[in-house]
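This report describes contacts that involve aromatic rings. The sequence and the structure are shown first.

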Amino acid sequence: MTTSTFRVERPTIDAHQVGSYYPDSFRRATDLRYPSLTTTVPREFVHRAAVAEVMLTDWEQVDDTRFRVAAQWPRSHSFFTPIDGEYHDPLMVTETVRQIGYLLAHAGFGVPIDHQFLLWNLTVTVHPEHLRVRQTPASLDIKVTCTDLKRRGNGDLAGLHYETEFRRDGQLVATGGATFTCTTPAAYRRVRGDHAFGANDPYALPLTAPAAPQSVGRTSPVDVVLSPVGEPNRWQLRVDTRHPVLFDHPVDHVPGMLLLESARQAAAGALGRSSILPLSITGDFRRYVELATPCTIDACLVPEQLPDGSELVLVTGHQDDVLCFSASLTVAPEDR
């Protein structure tokens with residue numbers, strides 16, 4: 001007979017500092033019997049239908065504008081696959097930043113679950129030397145500072161900007177930030193009009209054929225979000241509403257994470273690489289990208305290399321010749 005020891009990376013937030021969404025009786029029981037138990041935050045707080053897609057595991061409020069959040073990244077993921085099998089996917093960092101904003105809005109500032117969020121910008125910068133995949137999932141301690149809080153006349157939160165600092169075993173893994181506004185269901189319906197979910201058929205655009213996966217930095221055609229149009233560094237956005245991660249639940253417009261993924265894939269295509277490691281990603285979202293209208297994705301490689309040998313790619317998305325979003329990616333040298 002043999003025995004084995006189960007080990008995991010421990011988050012630096014104390015295990016007894018659980019969020020207010022647990023009842024006092026549960027906290028007392030776990031403090032006494034299982035002081036190191038870890039679970040995810042409620043999936044509703046981060047607008048996910050699948051518990052498996054929840055990255056956040058804990059949170060606490062430090063003061064009126066500062067929070068600490070714990071997160072865990074799996075060693076492998078169905079969509080956020082490790083880069084070259086060696087680095088956690090930087091797009092998983094962007095998804096974690098997105099989830100943090102929604103968690104704090106609901107749990108920290110009391111925004112009702114049924115309110116809608118409008119993401120205006122999101123940026124991350126990673127330090128790849130601390131982004132490596134190890135023998136256990138990565139546990140992150142994240143400091144969050146909220147700025148530019150906007151409130152309505154009744155005091156309810158209307159929007160904010162926040163900055164994050166990710167650490168793993170005390171080492172800086174990434175920084176990031178985002179800006180969003182939130183609206184009531186009634187206000188959202190007024191803004192979206194005929195595009196609101198249920199007002200018409202949001203899935204009217206036929207699914208287009210994917211680009212060759214390795215030409216845009218992916219390994220599976222299922223995960224390709226670009227379709228070739230016969231022009232260099234130009235594609236049509238491929239919107240597969242059946243994708244279990246990018247469309248975790250029904251929505252009435254193209255999600256921001258899909259747009260960031262399209263920018264990553266367009267950067268790989270423009271660089272002519274089968275795999276890239278983004279060092280920074282910045283996305284600006286100006287208009288809703290509609291599900292039933294073709295969206296053109298263009299990539300432009302900035303000719304000058306940066307001092308460390310990394311390369312800059314600019315990506316834009318247009319619908320009906322109107323700019324809907326733009327992104328910039330700094331990509332690590334190929335011989336990293």
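## Charges over rings

Arg192 is placed over the face of Tyr288, 4.2 Å from the ring centre. Arg218 likewise lies over the face of Phe79, with 4.4 Å to the ring centre. A charge counts as sitting over a ring if NZ of Lys or CZ of Arg is within 6 Å of the ring centre and within 35 degrees of the ring normal.

## Basis of the values

The model is predicted: local features need pLDDT of at least 70, side-chain atom pairs count only at pLDDT 80 or more, and totals for chains, interfaces and linings use all residues. Residues are numbered from 1 along each chain as its sequence is written, and side-chain values use heavy atoms, with hydrogens and water left out.

## Aromatic pairs

Across the whole structure, a search finds 9 aromatic pairs. Rings of Phe, Tyr and Trp (its six-membered ring) pair if their centres lie within 6.5 Å; planes under 30 degrees apart are stacked, over 60 edge-to-face, and the rest tilted.

One of these pairs is tilted: Tyr102 and Phe117, at 4.5 Å centre to centre with 45° between the planes. This pair links distant parts of the chain, since Tyr102 belongs to helix 2 (residues 90-108) and Phe117 to strand 3 (residues 116-126), 15 residues apart. Helices (H or I, at least four residues) and strands (E, at least two) are DSSP runs, numbered from the N terminus.

## A buried cluster member

Tyr102 is buried, at 8% relative accessible area; buried means under 20%, exposed over 50%, and partly exposed in between (1.4 Å probe, protein chains only). Tyr102 also pairs with Phe180: the ring centres are 6.2 Å apart and the planes stand at 85°, so the pair is edge-to-face. Ring pairs link Tyr102, Phe117, Tyr162 and Phe180 into a cluster.
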